[in-house]
Amino acid sequence: MSKVLILSGAGISAESGISTFRDSDGLWENHAIEDVCMAGCLDTNEEATKKFYDARRVDIKAKTPNYAHKLIVELKQKYPNDISVLTQNVDDLFEKAGIADNEIVHLHGFLRELRCRGCNKIFEIGYVNQDNYAKECPSCKSKLRPNIVFFGEPAPKYEILTQELNKCELIVIIGTSGNVLDVTYFAQLTGKSILNNLEPSEAIDDSYFTKVYYAKATEAIGEIVEYVEEFLENTL
Ligand code: NAD
């Protein structure tokens, strides 16, 4: 648990060429969310859902982290015990920027992983297609699925989010529309708060935030990091 919680969403990876979905009318890479990101998709639309995540996995292989990912990783490594990094993103750009597995929490899953639908075991598969990795769980023989939290499914890592929210004194929100996580409420809970998005969102009341940046993450991140460092230096 840390004094500073950095919580990111799809917007932080937009400048690295990975599409967000709220910015394109509820579509993600031209797919309707309800077709490939909803609880039950794997029962009603299994092949298309698998294919969609196979394509997302291949897509991120060549993508590289941007300045915002890199500065956040540097900050985390400078203040390892005082900063927690949680992301809604399923891409691996923080990892490519050098963050270690135990320094980040992917609240909504991770594209490079599959999960067994029977025993819940997790398999790191890199960037390959699901069926090229395995047709079934090597341990229990159940079907495998992308390790992604679909809408309407439980998100076990929210327990960590709750613990962090109870402890943090400054929350930094970057690149999320607030449609999935109620970031206004998080700002209400926390002493100080920073919001960075491209533009206002109808799901966020920015009047609750101490500082608001409507700008590209790569442009806002320098000032955000300065604010966090000053906050930590004054409270340590
Ligand atoms: P979202 O698509 O709903 O909203 C994107 C937000 O980012 C918007 O508020 C927009 O103003 C902001 N934004 C866009 N470009 C930006 C930039 N350059 N700098 C700063 N902000 C920018 O994203 P969300 O709230 O994270 O959506 C939730 C779900 O979307 C997550 O569960 C996530 O798993 C999924 N998702 C993830 C990825 C990814 O991993 N890269 C991509 C698409 C969707």
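The legends below describe a predicted model.

**View 1. The two domains of the protein chain.** The domain assignment gives domain 1 as 1–17 + 65–108 + 154–236, and domain 2 as 19–62 + 115–148. The C-alpha centres of domain 1 and domain 2 are 25 Å apart, and the contact draws 13 residues from domain 1 and 11 residues from domain 2.

**View 2. The area buried between domain 1 and domain 2.** Together the two domains bury about 820 Å², of which 56% is on carbon and sulfur atoms. On the side of domain 1, V90, D92 and K96 contribute 37% of the area buried against domain 2, more than any other three residues.

View 3. The residues on the side of domain 1 that touches domain 2 comprise four nonpolar, five polar and four charged.

**View 4. Aromatic pairs.** Four aromatic pairs are found in a search of the whole structure. One of them joins F52 and Y53 in an edge-to-face arrangement, with 4.9 Å from centre to centre and 85° between the planes; both F52 and Y53 are buried. The ring centres of F123 and Y133 lie 6.1 Å apart with the planes at 50°, so this pair is tilted.

Key. Residues numbered from 1 in each chain as written. Predicted model: local features only at pLDDT ≥ 70, side-chain atom pairs only at ≥ 80, totals over all residues. Heavy atoms only, no water. Domains from an automatic or database assignment. Contact = heavy atoms within 4.5 Å. Buried area = accessible area lost by both parts, 1.4 Å probe. Nonpolar A, V, L, I, M, F, W, Y, C, P; charged D, E, K, R; others polar. Phe/Tyr/Trp six-rings, centres within 6.5 Å; stacked < 30°, edge-to-face > 60°. Buried < 20%, exposed > 50% of the residue type's maximum accessible area, 1.4 Å probe, protein only.
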